[in-house]
Amino acid sequence: MSMIGEYLRVTAAELDRAIQDPAWALDFADEVQDAEEESEPEPTEARHFSTSKTWDMLGFLLTRADFPVDVIHGEEPFAEDDDWGYGPPRYLRSERVCLAAQALRATTYDQLVSGVTPADLTKADVYPLAGAYPLGWDEPGALEWGRHWYDGLMQFFEAAAAAGDAMLVWLD
């Protein structure tokens with residue numbers, strides 16, 4: 001089983017409802033995911049986005065860059081007694097989504113990987129561990145694996161910020 005980084009754009013009213021009724025939030029997230037699996041919208045149009053298995057790699061790179069918002073795990077807990085796959089979900093309020101969108105736009109992927117070696121990822125036990133699917137960190141091009149996902153994450157956050165949306169974040 002894989003660990004996948006998941007995001008759901010929510011309005012302020014939906015965030016309030018999610019905090020008050022986590023079971024509704026999980027059902028809502030499932031509904032949106034199911035609907036968008038068929039239509040496969042671009043990150044700028046989607047309400048759901050996944051960083052797939054790159055979540056830990058991106059987290060490692062963003063932490064190393066002193067990124068101002070925890071876009072990988074979310075910042076505020078809710079549904080702390082629920083398990084949405086690999087623990088409870090968290091969220092980012094709309095103002096944090098805006099800050100994240102600005103910081104993502106200002107931070108290129110090349111800046112994130114500058115000075116990073118595959119050995120750094122292996123030493124930090126970044127998921128998936130070396131030798132795991134899709135490639136080990138010592139494989140050629142391993143650092144490029146996250147570029148596509150980072151670009152999509154940036155677009156997703158920019159669209160959410162433009163709409164004034166908050167974000168639910170979890171690992172599934």
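1. A word on terms before we start: helices are DSSP runs of H or I with at least four residues, strands are runs of E with at least two, and both are numbered from the N terminus. Please keep in mind that we are looking at a predicted model.

2. Overall fold. The protein has seven helices and five strands. Going along the sequence, these elements follow the pattern β-α-α-β-α-β-β-α-α-α-α-β. The radius of gyration is 16 Å, close to the 16 Å that the globule rule gives for 172 residues, so the protein is as compact as a globular protein of that length. Along the principal axes, the C-alpha atoms fill a box of roughly 45 × 35 × 30 Å. Of the 172 residues, 48% are buried.

3. The acidic patch. Which residues gather in a patch of negative charge on the surface? They are Asp21, Asp27, Asp30, Glu31, Asp34, Glu37, Glu38, Glu40 and Asp172. Asp34 sits in helix H2, which covers residues 22–39, and Asp34 is partly exposed at a relative accessible area of 47%. Asp30 also has its place in helix H2, and its relative accessible area of 35% makes Asp30 partly exposed. A patch member needs over 30% relative accessible area and no salt bridge, and the values for Asp34 and Asp30 can be read against that cut-off.

4. A distance to check by eye. From C-alpha to C-alpha, Asp30 and His48 are 9.6 Å apart in space, while in sequence they are 18 residues apart.

5. Salt bridges, and the Arg47 pair. How many salt bridges does a search of the whole structure find? The search finds seven. In one of them, the side chains of Arg47 and Glu14 meet at 2.4 Å, N to O. Arg47 lies in the loop between H2 and strand E2 (48–52), and Glu14 belongs to helix H1 (residues 12–20), so this pair ties together parts that are 33 residues apart in sequence. Is Glu14 buried or exposed? Glu14 is buried, because its relative accessible area is 16% and buried means under 20%.

6. The Arg96 pair. The side chains of Arg96 and Glu75 also meet in a salt bridge, at 2.7 Å from N to O. Here Arg96 is in helix H4 (residues 94–106), whereas Glu75 is in the loop between helix H3 (55–64) and strand E3 (76–77), so the pair ties together parts that are 21 residues apart in sequence. Both ends are partly exposed: Arg96 has 25% relative accessibility, and Glu75 has a relative accessible area of 24%.

Key:
Residues numbered from 1 in each chain as written. Predicted model: local features only at pLDDT ≥ 70, side-chain atom pairs only at ≥ 80, totals over all residues. Heavy atoms only, no water. Patch = residues over 30% accessible without salt bridge, like charges linked within 9 Å, V, L, I, M, F, W, Y side chains within 5 Å. Areas by Shrake-Rupley, 256 points an atom, 1.4 Å probe, with all protein chains shown as cover. Salt bridge = Lys/Arg side-chain N within 4 Å of Asp/Glu carboxyl O. Lys, Arg positive; Asp, Glu negative; His and termini not counted. Charge placed at Lys NZ, Arg CZ, Asp CG, Glu CD. Buried < 20%, exposed > 50% of the residue type's maximum accessible area, 1.4 Å probe, protein only. Rg over C-alpha atoms; globule rule 2.2 N^0.38 Å.
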